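Here is a short tour of one protein chain. Look at the sequence and the model first, then read on.

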Amino acid sequence: MSPEQPPNPGPPGFDGKAFVRDLTPAPGVYRMLGADGGVLYVGKALSLKKRVGSYFLKDLPSRRIALMVAQIAAIEVTVTRTESEALILENQLIKSLRPRYNVLLRDDKSYPHLLLTDETWPRLGFHRGPRSVPGRYFGPYPSTGAVRETLDLMFKLFQLRSCADSVFRNRSRPCLQHQIGRCSAPCVGLVATRDYDATVRRAALFLEGRRGELVDELGKAMEEASKRLQFEQAAQLRDQIAGVRKIQARQYVEGEQVEMDVLACEMEQGMACVLLMAFRNGLNQGTRSFFPKPNGAETVEEVLAAFVTQYYLEQRPPREIVLSHVIADINLLQDVFSAQAGRKVEIKPVVRGERARYLEIARQNAALALATEIGSSASQRARLVSLQEMLELSELPKRIECFDISHTMGEATVASCVVFDGEGAVRGQYRRFNISGIEPGDDYAAMHQALQRRFKRGVEDGILPDLLLIDGGPGQLAQARAVLDELGVQGVAMVGVAKGAARRAGHETLVLADGRELRPGAASPGLQLVQQVRDEAHRFAITGHRGKRQKTRETSRLQDIPGIGPRRRASLLKHFGGLAGLKSAGAEEIARAEGVNAALAQRIYAALHGLEPQSPQTDA
């Protein structure tokens, strides 16, 4: 990619035609900026000159585009070598800048996988995040529910262990999972290594979609067990075969190696839903509903195209992507996805037979999910209107922030800030503040510090709430008033949320900035919204506090072990990727770390698991 061309600063009344005259015809990405410097829109083009020039014609394709063009104060462009590079850069910029006129995919979580660990007694479990644990990963699955369902099935069929290594190494008798027939109890030696390894291989065959091969292998093993008169083992293998065949009959899709996503998009009342139905190795892995933010997009095709681009440039695409509508740039997307996946990827907006049947199911479910979301959105708006009336606000609050403090007798104090908009929680903008330099247990000082840090940054970047909720009474609210006055912040309504009698929900007192107190009662939709925001701030604060407290205690515990100095402690944490990784390791694994012998490894393991430490020995 070439260096960016400098932006046209554009005086009021930006002359787009003049800007386009000097624009390169090369492929690239353009960013349209508003008068405040905010990004209005990010787009890609095979020819920047032609594409950007199309925005300054007399007849624009929609009112949304016309409104956007009227706000342009400057345009920045980045030239790329190919349109494929432009597509990838466009996606990166949309994700990082979140322009107000682009269709935005709001759900940005990593997607769950099944993990079959690579160790002496492999464990099968749920995994989300970086693939740092050695083993085989299966997925991604469209939702955590699909993973849980598959895990439940796998434990019933193959009885692999699911427990963490620290639990596995310290068991002296079988757990409940063994008693209900979902684990073969390798922890206490109730299954031979050879038999467990065979089961692990069969589980992998199942997850890879090689179920015909799996059934053949189970059939041969059943016959051999019968010949050896091991009828109980033969019966278990027979039940496994029956279970696998039952799943095949229920979830079979035109061959065992089908790897396909079916996407259906529906739009109504300015909202959109994209429903994804995933098939891997012939198995239906379930569905997931996404609700992209259209930001004024008027057609299903535009929303679906934006979803396909943003989603599959972040997730490995399957071999087939079946779509409910024809979208733009299908050939370009196929080329980019194929290069990304290292194999051919096909995008099919027109299908027949069984795929058409699944597409119709996806359409129906997308419409149902959208109707539910619209109903929820209407309820949310009703609560906002009630809150506006109750607090006598001049307009509906577009951004609500709530602060809460959590600690245990002054230890590990954490403040939380949660954010809600007209559609609900905006989790990507939640913040936690580790509080320091105050007297332990001084909630007023903790609140003052958190608010000062938040609003000092807010003044700099121009992002401020319309309504500020403080979990507490007049004292806490006074801290908020002092901070905002100190920073010269105006136009932010402030409300303290004091707990009701006996801390009963619905009996809260709302303390206003002018000293008035309101007790709306449990039936008030406005108070219900306040409760939802306050409870989320409380949950987020407690989660952060517990994590900080545990980390502090375990770090302190590590520091107190004889033979562990700052350098060795840092080396251990780096080797295992943090305290969680060190705690999940066995003494033998710890001993493999640089500078740690067997005796020290035993002391570390005992300290982190609350076991009786062995007598200190000199570490060579």
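A residue is called buried when its relative accessible area is under 20%, and exposed when that area is over 50%. With that cut-off, the buried residues of helix α4 are Glu83, Glu85, Ala86, Leu87, Leu89, Glu90, Asn91, Leu93 and Ile94. Keep in mind that this is a predicted model.

**The chain as a whole**

The chain has 620 residues, and buried residues make up 50% of them. It holds 20 helices and 19 strands. Take the contacts between residues at least 6 apart in sequence: 61% of these join residues at least 24 apart.

**Helix α4 and its surroundings**

What do the buried residues of α4 pack against? They pack against the strands β1, β2 and β3 (74-79), and against the helices α11 and α12.

The strands β1 (residues 28-33) and β2 run antiparallel, joined by six bridges. Gly28 stands opposite Ala45 of β2. Five residues lie between the two strands of this hairpin, and Gly37 takes a positive phi near 90° there. Strand β2 covers residues 39-45, and seven of its seven residues are buried.

Helix α3 (residues 63-70) has Arg64, Ile65, Met68 and Val69 buried. Seen down the axis, these residues fall within an arc of 130°, so they line one face of α3. The face turned away carries the exposed residues Arg63 and Ala70. Among the elements that cover the buried side of α3 are β1, β2 and α11.

| Helix | Residues | Number of residues | First to last C-alpha | Expected span |
|---|---|---|---|---|
| α4 | 83-97 | 15 residues | 20 Å | 21 Å |
| α5 | 144-158 | 15 residues | 21 Å | 21 Å |

In α5, the buried residues are Ala146, Val147, Thr150, Leu151, Met154, Phe155, Leu157 and Phe158. Why do they sit on the same side of α5? They cover an arc of only 165° around the axis, which puts them there. Just after the helix, Gln159 takes a positive phi of about 55°.

In soluble globular proteins, nonpolar side chains tend to be buried together. Here the largest nonpolar core has 33 residues. Which of its residues touch the most other members? They are Leu263, Val308 and Phe337. Several elements supply at least two residues each: β7 (259-268), β8 (271-280), α11 (300-312), β10 (320-323) and α12 (330-341). Helix α11 gives the most, with nine residues.

Not counting residues up to four places away in sequence, Val308 touches Leu263, Leu323, Ile327, Leu333 and Phe337. A second, separate core has 32 residues, including Phe138, Val200, Leu207 and Leu218.

Thr117 belongs to strand β4 (residues 113-117). Is Thr117 buried or exposed? Its relative accessibility is 6%, so Thr117 counts as buried. Its side chain takes part in a polar contact of 2.6 Å with the side chain of Glu119. A polar atom of the Thr117 side chain also lies 2.7 Å from the backbone nitrogen of Arg123. Beyond its neighbours within four places in sequence, Thr117 is in contact with Pro122, Arg123, Val133, Pro134 and Gly135.

**A buried loop residue, Ile561**

Ile561 lies in the loop between α16 (525-559) and α17 (566-576). Ile561 is buried, because its relative accessible area is 6%, and the cut-off is 20%. Which residues does Ile561 touch, not counting those up to four places away in sequence? They are Leu600, Arg603, Ile604 and Ala607. Ile561 and Ile604 are 43 residues apart in sequence, yet their C-alpha atoms are 6.9 Å apart in space.

How values were computed: Residues numbered from 1 in each chain as written. Predicted model: local features only at pLDDT ≥ 70, side-chain atom pairs only at ≥ 80, totals over all residues. Heavy atoms only, no water. Helix = DSSP H or I, 4+ residues; strand = E, 2+ residues; numbered from the N terminus. Expected span 1.5 Å × (residues − 1). Buried < 20%, exposed > 50% of the residue type's maximum accessible area, 1.4 Å probe, protein only. Arc of directions from axis to C-beta. Core = buried A, V, L, I, M, F, W, Y, C linked by side-chain atoms within 4.5 Å. Contact = heavy atoms within 4.5 Å. Polar contact = N/O pair within 3.5 Å; in protein donor to acceptor, adjacent residues only side chain to side chain. Pairing = 2+ DSSP bridges.
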